[in-house]
Amino acid sequence: MVQPRLTILQQLGDELLKQPLQKANNITLLLKSTAHTSSQDEVLVSIKQLQLFFLASLEREELVLSSKVQLRSILACIHACKKAAKTMFSTLLPEHHAAITKVEAKMAAPEEQHAAWLRTQYSSYLGKLQQLLISSPHPPVQVAAFVAGMEAARASSTRFHFNNHIFDSLLQAWLRNKHPSPEVSARLASKYLPHADVRFYLLRTIAAMAECMQSGSSSKGGPLPVASQNKKPQRSAVAMKLLDFLLQVGTPFPAGEMTSWCGAIEAGQTAMETKVPPAKKRRLDAEPGIKKAALEGAKWAKLSQQKRAFTDAWLAVLRLPLPLPDLRRALAHLPDSVIPYLAQPLLLSDFLTCSVDAGGLTGMLALHGIFILVTQHGLEYPHFFRRLYALLTPDIFTARHRARFLTLADIFLSSGLVPAYTAAAFAKRFARLSLTAPPAGAITCTGFVHNLLRRHPACQILLHRPSAGAGAKPATAPPAKPPGQADATDPGLTANGSPPAAAAAVPAGHDPYDESEPDPARSQALGSSLWEVESLRDHYCPQVAASVSLLDRDFSDPRKTLEISVSQYAAGSYAAIIKQELDTRLKKAPIAFHAQPVTALFSTTSAIAGFTF
């Protein structure tokens, strides 16, 4: 029963292509076959046949009014307006009726009626494609409808201008689908996004929809395509899809030759924006036959406009209430793939500052973005290391994303903006965390301490702090200074940045380091010592005890030592330590053998006072 039906639809399409005027009624039959009650195969065949017909009609310009018809329509409208104005002051005479009837008769020519009817069917065809993108649960149908719509957008382009209205309606329709197919987004990314015009209008559509969701009303005054009255889960789902689109766009300036979906670049109707010298521009303007569009380029062909659309889209999406996993995806994407291409990167400072308050991995990823803004774009954020200091808690060693967290922390602390007293505070914080951290975390803390001591020679006094008598006063930390000040200018350092010849002694049993102080500059860490690391030599885990030997190296010459890669230890666990121990090749296996015969339970008689064995 299905096969004859498909054959009939195929036959209707073939007849329509061969005899478009005589078999025009086949259009309505094919449109009816795209209803949701039809089978998937019937819908696919109908879409394909309608696509071929309307593309051929657009190529023959049957859907576009000719200049003669357009002029006649304009004159008829003007004439009708004049007649309507006369009726306001006098009674409509019979000759007026005759004049209007005559104009209407001229307008109602058969070819014009057919063109008008054909345009109505074309609008119905586009509406069917949108309806399929909204309601169809079948991925092949969604892909076929989207591809047919994109072909219509290219064929409907006038003078090689991209028809972004059709493209916007396709995206908005697909986003309203309760079961959106990832194949549609994959097809969009692989086939259409490499073109400059599609990428530009996709960014503009994303920005408009995100602003529409945030404000709760349509920016153009029309009905909201993704309704603001939707429930919060559905709004979050749409925000996730918009973020997926942005991540698929990548950078606004992909490598390679620029192409266009509407064919404007390939046809020479426009060119990508280039810097033309003023003298050459004046010469080109003076020469006859030079197209202004080829010199200036279309709006989507300007790199400045592409950059602006990229910036607006990201700022609009980041204002939406993204779920936590998607927020982390966006934050991880910002430093390398977004911030370098924004027109004004500092506009992200408020968003990143608010994200830091979330703490954990989210706060660390936000700090990474702030770090890029501080070091590369001149953002003033004096509390950067204070916020990083607050994120270092015992929970980080049991977090799921601890590897990413600790790797970013090592990147931040390797900056030349870290003063000596701040580095000492971080060394003490990691040393204190190592006492309660699991074995893998304790090894990671030791690596952090090693790297900080190697980068900051002034902090090496923490390893060999001499003790003093009971009357000695504890050493105090230098006053707090901005993070951007060099180490050589910090109090307690010589001109070349090395530690002073004599350091203040610390009384025995007293640690001036204040662990509860949120500001690392006021924690008095530079007057303390790393006694916590010394206690790790007696750790129950042999790998932790062995890692302390890294601090026995000579730090006087940085060329003699190498920094430890924290990332290789950050993801460690009990299972990794046990596996490493089991894979270790033993040089001498322990055996149950005593060189001397056992004669007593204890080797001496004074093992327990008052008892003799």
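# Why is it called that? Questions on a predicted model

Q: Why is Ser434 called buried?
A: This is a predicted model, and in it Ser434 has 1% relative accessibility. Buried means under 20%, so Ser434 counts as buried. Ser434 sits in helix H20, residues 420-434, and it touches Ala442, Cys445 and Leu536, leaving aside residues up to four places away in sequence.

Q: What makes Leu530 buried or exposed?
A: Its relative accessible area is 6%. The cut-off for buried is under 20%, so Leu530 is buried. You can find Leu530 in the loop between strand S2 (506-507) and helix H22 (531-535). Among the residues that Leu530 touches are Ala427, Lys428 and Leu453. Leu530 and Lys428 are 102 residues apart in sequence, and their C-alpha atoms are 6.7 Å apart in space.

Q: How do you know that Arg329 forms a salt bridge with Asp244?
A: Look at the closest N and O atoms of the pair: they are 2.8 Å apart. A salt bridge needs a side-chain nitrogen of Lys or Arg within 4 Å of a carboxyl oxygen of Asp or Glu, so Arg329 and Asp244 qualify. Arg329 lies in helix H15 (residues 324-337) and Asp244 in helix H11 (residues 232-249), so the pair ties together parts that are 85 residues apart in sequence.

Q: Why is Arg329 called partly exposed?
A: Arg329 has a relative accessible area of 35%. Buried is under 20% and exposed is over 50%, with partly exposed in between, so Arg329 is partly exposed.

Q: What makes Arg432 and Glu515 a salt bridge, and which parts does the pair tie together?
A: The closest N and O atoms are 3.1 Å apart, and the limit is within 4 Å, so the pair counts as a salt bridge. Arg432 lies in helix H20 and Glu515 in the loop between S2 and H22, so the pair ties together parts that are 83 residues apart in sequence. Arg432 is buried at 16%, whereas Glu515 is partly exposed at 40%. Both belong to a network of salt bridges that also links Lys428, Asp511 and Glu532.

Methods:
Residues numbered from 1 in each chain as written. Predicted model: local features only at pLDDT ≥ 70, side-chain atom pairs only at ≥ 80, totals over all residues. Heavy atoms only, no water. Helix = DSSP H or I, 4+ residues; strand = E, 2+ residues; numbered from the N terminus. Buried < 20%, exposed > 50% of the residue type's maximum accessible area, 1.4 Å probe, protein only. Contact = heavy atoms within 4.5 Å.
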